Amino acid sequence: MHPTNNLRAIDLNLLVVLDALLHERHLTRAAARLPMSQPAMSHALARLRLLLGDPLFHRTRGGLRPTPHALALEAPLREVLAQVRRLLAGAVFEPAASRRVFRLAMSDYGASVALPPLMRCLRRDAPGIDLEISYASRSGMIAGVADGQLDLALAVFGETPADIRRAVLFHEGFVCAADAGQGVPVTPDGPLARPPALVAARPAQPPAEVDAARAPLAHAGPAPPRRPPGPAAPRAHDAPRRGPRRP
């Protein structure tokens, strides 16, 4: 019988060692993380290699490079360890009795959509729970969740790390509206294909969702200029172009 098929023959502490090595990618830092001595960490790694029948890591100048087998174990291993910690904690979350403060990050649009129903739910079912709301970039939200600084992030995300749990709350699309009395055609080759300007909250990060929605339009042409947000943004494209004033 292979040793991994007999749980009594396995030191489950080795799973904690493997998780630390996968997180740090460095033998000395992984030993300090647990903490344990470096010789003990080296011995534990040797036992893991024997147990799993794989080198798991290759030494490099900067530390350790995981093998494909080790990388495949990373996400399920962290989930298993999280379940074990929850099992040992034994605490059951009771919203009505909780006095916990949850730290959330979201955009202003996300706050306008999600907070009203969430606050109604909390007032009804969990009046002792408080929320700390912050605003951050998408990369900042992901980093905050990964580091434990945030409990939840609400945004439009692309790829996220495998160890971050995610869920789709709702799907949304774009709608183009026009004054019927003006006779403006809302067609792929109309103003939608070449709007006068797009408002960009962060000039260095163009509105990717808008660009993605415009991409299938056959006559989209080059992207329109970006304008900063604010009261003047809707009128910015109407301002006449003027040359420098002459004295």
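1. Glu24 is buried in this predicted model, with a relative accessible area of 19%. The cut-off for buried is under 20%, so Glu24 qualifies. Glu24 forms a salt bridge with Arg29. The closest N and O atoms of the pair are 3.6 Å apart. Arg29 is partly exposed, at 42% relative accessible area.

2. A second salt bridge joins the side chains of Asp151 and Arg103, at 3.6 Å from N to O. Asp151 sits in the loop between helix 6 and strand 5, and Arg103 sits in strand 3, so the pair ties together parts 48 residues apart in sequence. Asp151 counts as partly exposed, at 29% relative accessibility. Arg103 is partly exposed too, with a relative accessible area of 29%.

3. Some salt bridges share partners. They join Asp19, Arg25, Glu74 and Arg78 into one network.

4. Asp11 and Arg47 also meet through their side chains in a salt bridge, at 3.7 Å from N to O. This pair links distant parts of the chain, 36 residues apart. Asp11 belongs to the segment before helix 1 (13-24), while Arg47 belongs to helix 3 (residues 38-52). Asp11 is partly exposed, with a relative accessible area of 28%. Arg47 is partly exposed, with 35%.

5. For the overall tally, a search of the whole structure finds ten salt bridges.

6. Three strands form an open sheet, with parallel pairing and the order 4-3-5. Strand 4 (130-134) and strand 5 (152-154) are the edge strands, and each pairs on one side only. From one strand to the next, the twist averages 25°.

7. Strand 3 (residues 101-106) and strand 4 run parallel, and five bridges join them. Leu104 has Ile133 in strand 4 as its bridge partner. Helix 6 (residues 138-147) packs on the sheet. Helix 6 touches strand 3 and strand 5, and its direction makes about 165° with that of strand 5.

8. On the surface, Tyr109, Val113, Leu169 and Phe170 form a nonpolar patch. Together they have about 380 Å² of accessible area. Tyr109 has its place in helix 5 (residues 108-125). Why can Tyr109 be called partly exposed? Its relative accessible area is 41%, and partly exposed covers values between the buried limit of 20% and the exposed limit of 50%.

How values were computed: Residues numbered from 1 in each chain as written. Predicted model: local features only at pLDDT ≥ 70, side-chain atom pairs only at ≥ 80, totals over all residues. Heavy atoms only, no water. Pairing = 2+ DSSP bridges. Helix = DSSP H or I, 4+ residues; strand = E, 2+ residues; numbered from the N terminus. Axes fitted to C-alpha atoms, helices over the stretch in contact; angles between N-to-C directions. Contact = heavy atoms within 4.5 Å. Patch = residues over 30% accessible without salt bridge, like charges linked within 9 Å, V, L, I, M, F, W, Y side chains within 5 Å. Areas by Shrake-Rupley, 256 points an atom, 1.4 Å probe, with all protein chains shown as cover. Salt bridge = Lys/Arg side-chain N within 4 Å of Asp/Glu carboxyl O. Buried < 20%, exposed > 50% of the residue type's maximum accessible area, 1.4 Å probe, protein only.
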